[in-house]
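I open this notebook to record what I looked up in the structure. The entries follow the order in which I consulted it.

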Amino acid sequence: MSINLHELILNPGKKLPFRRELSTERLQFPGVAAYTSPVVGEGVIRNEAGLLLLEGTISADMLCLCDRCASEFPLTKVTPLELTLATELEDEENPDYYLLENEQLDLDDVLEGCFIMDMDSRFLCREDCKGLCSRCGANLNDGECDCKPERDPRLAVLEQLLGR
């Protein structure tokens, strides 16, 4: 969705609220099994003394897969938004500003980019997740498995001596 910001640029102190549901097509991540509600970006674009500021949040309810135990768990992700918009840049490599093209803002592109950049690189069902047993695959969060601890093969000679 493209927004023309011409009127906002000309009127310091003016605000433009927005609310946008994002398509999840481009928001696919290996640890996200499904989105359980729409991904919504909402906030306001303000002209503060000639400086355009976009502030708000992106919120999403997701069903994620734990990277340690592979269990599904619900997660609500809230991404804060704070962007400065500019019609032209003095320094082309300044990442603090989002450059507008012909006073137009592609809101979907901005919101998707912010959400992707803020996405976690791994998902855990809980901070103290114990994961899966490397031998039998049992979920160690449910309790200990029946596997005996592996013995260090370097100590096998000592075990033979002690067994005599």
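I began with D109, which is partly exposed at 34% relative accessibility; buried means under 20% relative accessible area, exposed over 50%, and partly exposed in between, with a 1.4 Å probe and protein chains only. The model is predicted, so I note that local features need pLDDT of at least 70, that side-chain atom pairs count only at pLDDT 80 or more, and that totals for chains, interfaces and linings use all residues. Residues are numbered from 1 along each chain as its sequence is written, and side-chain values use heavy atoms, with hydrogens and water left out.

Which side chain meets D109 in a salt bridge? I found R26, at 3.7 Å from N to O; a salt bridge is a side-chain nitrogen of Lys or Arg within 4 Å of a carboxyl oxygen of Asp or Glu. R26 lies in the loop between β2 and β3 and D109 in helix α2, so this pair ties together parts 83 residues apart in sequence. R26 itself counts as exposed, at 54% relative accessibility. I also noted a network of salt bridges that links R26, D109 and E112.

Next I looked up D108, which forms a salt bridge with R20, their closest N and O atoms being 2.7 Å apart. This pair links distant parts of the chain, with D108 in helix α2 and R20 in strand β2, 88 residues apart. D108 is buried, with a relative accessible area of 16%, whereas R20 is partly exposed at 25%.

I then turned to D118, which forms a salt bridge with K77, the closest N and O atoms being 3.2 Å apart. D118 belongs to helix α2 and K77 to strand β6, 41 residues apart. Here D118 is partly exposed at 31% relative accessible area, while K77 is buried at 9%. A search of the whole structure gives 9 salt bridges.

**Entry: helix α2 itself**

Helix α2 covers residues 107–118; helices (H or I, at least four residues) and strands (E, at least two) are DSSP runs, numbered from the N terminus. Its 12 residues reach 17 Å from first C-alpha to last, close to the 16 Å expected at 1.5 Å a residue, where the expected span is 1.5 Å times one less than the number of residues. I listed its buried residues as L107, D108, V110, L111, E112, C114 and F115.

**Entry: the nonpolar core**

Which residues have the most contacts inside the largest nonpolar core? They are L5, Y35, L54 and L105, in a core of 34 residues; such a core is a set of buried Ala, Val, Leu, Ile, Met, Phe, Trp, Tyr and Cys residues joined through side-chain atoms within 4.5 Å. The elements giving two or more residues to this core are β2 (15–22), β3 (32–35), β4 (39–48), β5, β6 and α2. The largest share, 6 residues, comes from β5.

**Entry: strand pairing**

I found β5 (residues 51–65) and β6 (residues 72–86) running antiparallel and joined by 14 bridges; two strands pair if DSSP finds at least two bridges between them. L65 stands opposite E72 in β6. The hairpin of β5 and β6 has 6 residues between the strands, and A70 takes a positive phi near 65° there. β6 also pairs with β7 (residues 97–99), in the parallel sense over 3 bridges. The bridge partner of A86 in β7 is L99.
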